[in-house]
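Good morning, colleagues. Please look at the sequence and the model on the screen while I go through a few local features.

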Amino acid sequence: ELLNELLDRHAPIGRPLERALVRAAFPHQIPEAWRRILIAVGHDPHPALIATLTAELEAERARRAFAVHEGIAEILAAARDGGLHVAVVSNNPADQIAALLERAGVAYAFDAVIGNDRPGVRSKPAPDPYVAGAAAVGAAPATCVAIEDSLLGAESASAAGCHVIGVATGAAR
């Protein structure tokens, strides 16, 4: 919905984005995701337009609260109660993800947030984010389970040596 709002404002396409397109684009860093979307809908992916869309998306993500999927809060609470350590590993900046988790009411459940802005950590699909996530919770990657909503993230977790569980709520790539 937010992506459609932003496109309607800056690069109208006359129809809502297809979910499959969003799912394929958004495992990538945000500017690259916008570039892929603009090309797919027939718009020139001009750097100024990408910069505007990226800045506005980040501003909206910083002020809006987004709900977590049904059952996730309970799973996180059970993990915490069971003494498990939990980290978020994202292809977005850590501060942005931490703020989203706070507004969603689940920040308490995470021991660490690993973003694409950590020095020396290449973005997914490189294994670096999951290696850093495992280190942040004091575990070897081989003892970790990564729950991923994109193939790009699953590739990253698998390359790091984590066990991977894929969920069909997020990105296709």
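Predicted model: local features only at pLDDT ≥ 70, side-chain atom pairs only at ≥ 80, totals over all residues.

Residues are numbered from 1 along each chain as its sequence is written, and side-chain values use heavy atoms, with hydrogens and water left out.

Let me turn to helix packing. Two packed helices are described by the angle between their axes and the distance between the axes. The axes here are lines fitted to C-alpha atoms, for helices over the stretch in contact, and angles run from 0 to 180 degrees between N-to-C directions. Helices (H or I, at least four residues) and strands (E, at least two) are DSSP runs, numbered from the N terminus.

Consider helix 3, residues 30-40, and helix 4, residues 47-63: their axes are 9 Å apart, and the packing angle is about 120°. Helix 3 is therefore oblique to helix 4; angles under 35 degrees count as roughly parallel, over 145 as roughly antiparallel, 65 to 115 as roughly perpendicular and the rest as oblique. The crossing of these two helices is right-handed. On that convention, a crossing is left-handed if the near helix is turned anticlockwise from the far one by less than a right angle, and right-handed if clockwise.

Which residues make the contact of helix 3 with helix 4? Helix 3 contributes Ile30, Pro31, Trp34, Arg35 and Leu38, and helix 4 contributes Leu49, Ile50, Leu53, Thr54, Leu57, Glu58 and Arg61; contact means heavy atoms within 4.5 Å. By class, this contact has 8 nonpolar, 1 polar and 3 charged residues. For that count, Ala, Val, Leu, Ile, Met, Phe, Trp, Tyr, Cys and Pro are nonpolar, Asp, Glu, Lys and Arg are charged, and the others, Gly among them, are polar.

Helix 4 also meets helix 1. Their axes come within 10 Å and cross at roughly 140°, which means that helix 1 is oblique to helix 4. Here too the crossing is described as right-handed. From helix 1, Leu2, Leu3, Leu6, Leu7, Arg9 and His10 meet Leu49, Thr52, Leu53, Glu56, Leu57, Glu60 and Arg61 of helix 4. This contact has 7 nonpolar, 2 polar and 4 charged residues.

The buried residues of helix 1, which spans residues 2-10, are Leu2, Leu3, Asn4, Leu6 and Leu7. Buried means under 20% relative accessible area, exposed over 50%, and partly exposed in between, with a 1.4 Å probe and protein chains only. What do the buried residues of helix 1 pack against? They pack against helix 2 (19-25), helix 3 and helix 4.

I move on to helix 7, residues 128-136, in which Asp128 lies. Asp128 counts as buried, at 15% relative accessibility. Residues up to four places away in sequence aside, Asp128 touches Gly120, Val121 and Arg122. The buried residues of helix 7 are Asp128, Pro129, Tyr130, Ala132, Gly133 and Ala134, and they pack against strand 1 (87-89), strand 2 (112-114), strand 3 (145-148) and helix 8 (151-160).

In helix 8, the buried residues are Leu152, Gly153, Ala154, Ser156, Ala157 and Ala160. Their cover includes helix 7, strand 3 and strand 4 (163-166).

Now a word on the backbone. Most residues other than glycine have a negative phi, and most peptide bonds are trans. The peptide bond from Lys124 to Pro125 is cis, with omega near 20°. Pro125 sits in the loop between strand 2 and helix 7.

In strand 3 we find Val145. Is Val145 buried or exposed? Val145 is exposed, with a relative accessible area of 52%. Apart from neighbours within four places in sequence, Val145 is in contact with His163 and Ile165.

Finally, the cysteines. The structure holds 0 disulfides, a disulfide being a pair of cysteine sulfur atoms within 2.5 Å. Cys144 counts as buried at 15% relative accessibility, and Cys162 counts as buried at 9%.
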